[in-house]
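Here's a quick tour for anyone meeting this fold for the first time. Have a look at the sequence and the structure, then read on.

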Amino acid sequence: MTVLLEARGLSKRFDGLVAVDTLDYQIERGTIASIIGPNGAGKTTFFNLITGFYKPTTGQILLEGKSIGGLPPNRLTRSGLARTFQTIRLFNNMTVLENVLVGMNHRLKSSWLAAIVRPPSTRREEEKAHEEAREHLAYVGLAGYENALAGSLPYGLQRRLEIARALATAPKLLLLDEPTAGMNPSESAEMRDFIRRLRDERGLSILLIEHDMQVVMAISDKVTVLDYGRKITEGLPHQIQHDERVIEAYLGRRALELLRADR
């Protein structure tokens with residue numbers, strides 16, 4: 001498999017706090033990879049570095065071999081990165097369809113003047129964009145909700161709308177920050193299966209932060225564990241489950257000692 005995204009010696013410092021510490025990381029094309037770790041491990045900071053919300057203090061981020069570290073989010077979207085957020089960020093007072101159209105904005109060619117004058121070429125482009133947006137909504141299970149306000153949707157459907165908006169950017173790599181947060185077990189299982197479909201049917205590479213270990217272990221090709229901004233281990237899901245460093249990071253040294261004594 002070819003490497004799609006790579007971080008080399010990546011660090012981010014906030015005054016005296018080192019949130020990400022000389023991290024090396026790779027995600028291969030066509031895989032589902034998970035980042036896990038206790039609260040404060042640096043997971044979301046790592047996402048924010050990849051997606052341009054933070055600039056690295058040191059290190060490089062490469063997408064398809066090209067340096068992207070420090071580029072603004074709009075440039076990264078054009079390069080093929082899309083993300084969702086731990087706290088849902090939708091335009092609540094816009095319709096479901098309009099939210100997806102926002103994701104397509106960088107791909108539209110009409111100028112602001114053409115949007116006012118509306119020549120035939122602009123009308124055709126708008127019609128095509130609306131058709132594609134409806135297709136994205138149908139794919140995530142939101143057909144029939146096009147004219148509803150985004151803020152009126154149930155929580156689980158808002159999660160799906162956020163993914164539809166991300167898909168509308170035509171990404172190569174989709175970053176999902178806690179996609180099952182706040183969901184019940186049934187909703188989590190549905191989201192798990194949907195994420196797998198995104199890879200299998202759309203050919204997307206997917207990087208997710210997730211606390212639901214059932215989801216992580218069921219769909220991940222690779223799991224990376226962070227603690228205090230450092231990578232402490234990485235491997236296949238079944239390898240991570242039994243790694244003593246992971247047990248200590250989540251439960252503490254005393255729990256690890258008790259586990260060893262019980263063996």
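In this predicted model, the largest nonpolar core has 36 residues, and Leu 137, Leu 161, Leu 174, Leu 198 and Ile 206 have the most contacts inside it. A nonpolar core here is a set of buried Ala, Val, Leu, Ile, Met, Phe, Trp, Tyr and Cys residues joined through side-chain atoms within 4.5 Å. Buried means under 20% relative accessible area, exposed over 50%, and partly exposed in between, using a 1.4 Å probe and protein chains only.

**How to read the numbers**

- Residues are numbered from 1 along each chain as its sequence is written, and side-chain values use heavy atoms, with hydrogens and water left out.
- Since the model is predicted, local features need pLDDT of at least 70 and side-chain atom pairs count only at pLDDT 80 or more, while totals for chains, interfaces and linings use all residues.
- Helices (H or I, at least four residues) and strands (E, at least two) are DSSP runs, numbered from the N terminus.
- Contact, or touching, means heavy atoms within 4.5 Å.

- Leaving aside residues up to four places away in sequence, Leu 174 touches Ala 82, Ala 166, Leu 198, Leu 204, Ser 205, Ile 206 and Leu 207.
- As a rule, nonpolar side chains tend to be buried together in soluble globular proteins.

**The six-stranded sheet**

- Six strands make an open sheet with mixed pairing, in the order S6-S7-S8-S3-S9-S10; two strands pair if DSSP finds at least two bridges between them.
- Strand S6 (81–83) and strand S10 (230–235) stand at the edges with a single partner strand each, so one side of each has no neighbour in the sheet.
- From one strand to the next, the twist averages 20 degrees.
- S7 and S8 run parallel and are joined by five bridges; Leu 174 has Ile 206 as its bridge partner in S8.
- S3 and S8 also pair in the parallel sense, over four bridges, and here the partner of Ile 32 in S8 is Ile 206.
- Strand S3 (residues 32–36) runs parallel to strand S9 (residues 222–227) too, with four bridges joining them, and Ser 34 has Val 223 as its bridge partner in S9.
- How enclosed is S8? Five of its five residues are buried, so S8 is largely enclosed by the rest of the structure.
- Both faces of S8 are covered, with Ser 205, Leu 207 and Ile 209 buried on one side and Ile 206 and Leu 208 buried on the other.

**The four-stranded sheet**

- Four strands form an open, antiparallel sheet in the order S2-S1-S4-S5.
- Strand S2 (17–28) and strand S5 (66–67) are at the edges, each with a single partner strand, so one side of each is left without a neighbour in the sheet.
- S1 and S2 pair antiparallel over eight bridges, and the bridge partner of Leu 10 in S2 is Leu 23.
- These two strands form a hairpin with two residues between them, and Asp 15 in the turn has a positive phi of about 55 degrees.
- Strand S4 (residues 58–63) pairs with S5 in the antiparallel sense over two bridges, and Leu 63 stands opposite Lys 66 in S5.

**Helix contacts and a buried loop residue**

- Helix H3 (residues 96–104) and helix H6 (residues 155–167) pack at an angle of about 35 degrees, with their axes 7 Å apart; axes are lines fitted to C-alpha atoms, for helices over the stretch in contact, and angles run from 0 to 180 degrees between N-to-C directions.
- Val 96, Asn 99, Val 100 and Gly 103 in H3 meet Leu 161, Ala 164 and Arg 165 in H6.
- Thr 95 sits in the loop between S6 and H3, and Thr 95 is buried, with a relative accessible area of 17%.

**The whole chain**

- The chain has 11 helices and 10 strands, and 47% of its 263 residues count as buried.
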